[in-house]
Amino acid sequence: MANVKSAKKRILVSQKKAARNKAAKSAVKTQIKKVYAAIESGNKEAAATELDALKSTMGKAQSKGIYKKNTMARKISRVSRDVNKVGA
């Protein structure tokens, strides 16, 4: 256990940041599941709507430094590719 005041503060700050990061990553994963659920149902309009919501959620996470730019681009590209396959 930390004894120095600054070390105790760092523990608290890192716990807050970890909780924020976990919440944001969880939100992204949930949104990805919603997109794939719409894809499974074969509804291209719903999938496109969910994809827009995913892009927004991931953009917020990336702006907070939770995801790197290339990681975001890769994930969105893969999901977009699958959305474009619906109805084709």
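Val28 touches Leu54, Thr57, Met58, Ala61 and Tyr67, with residues up to four places away in sequence not counted; contact here means heavy atoms within 4.5 Å. The model is predicted, so local features need pLDDT of at least 70 and side-chain atom pairs count only at pLDDT 80 or more, while totals for chains, interfaces and linings use all residues. Residues are numbered from 1 along each chain as its sequence is written, and side-chain values use heavy atoms, with hydrogens and water left out.

Val28 also belongs to the largest nonpolar core, which has 18 residues; Val28, Leu54 and Val83 touch the most other members. A nonpolar core is a set of buried Ala, Val, Leu, Ile, Met, Phe, Trp, Tyr and Cys residues joined through side-chain atoms within 4.5 Å. Buried means under 20% relative accessible area, exposed over 50%, and partly exposed in between, with a 1.4 Å probe and protein chains only. At least two residues of this core come from each of H1, H2 and H3, and H1 supplies the largest share, six residues. In soluble globular proteins, nonpolar side chains tend to be buried together.

The helices are DSSP runs (H or I, at least four residues), numbered from the N terminus. Their axes are lines fitted to C-alpha atoms over the stretch in contact, and angles run from 0 to 180 degrees between N-to-C directions.

| Helix pair | Angle | Axis distance |
|---|---|---|
| H1 (residues 5–41) and H3 (residues 69–85) | about 15° | 10 Å apart |
| H2 (residues 44–63) and H3 | roughly 180° | within 10 Å |

H2 is therefore roughly antiparallel to H3, a term for angles over 145 degrees, whereas those under 35 degrees count as roughly parallel. In the contact of H2 with H3, the H2 side includes Leu51, Leu54 and Met58, and the H3 side includes Ile76, Val79 and Val83. By class, this contact has nine nonpolar, four polar and four charged residues. Ala, Val, Leu, Ile, Met, Phe, Trp, Tyr, Cys and Pro count as nonpolar, Asp, Glu, Lys and Arg as charged, and the others, Gly among them, as polar.

H1 and H3, by contrast, are roughly parallel to each other. Val35, Tyr36 and Ile39 of H1 meet Arg78, Val79, Asp82 and Val83 of H3. Five of these residues are nonpolar, none polar and two charged.

Asp82 lies in helix H3. Asp82 counts as buried because its relative accessibility is 18%. Apart from its neighbours within four places in sequence, Asp82 is in contact with Tyr36 and Ile39.

Conventions: Angles under 35 degrees count as roughly parallel, over 145 as roughly antiparallel, 65 to 115 as roughly perpendicular and the rest as oblique.
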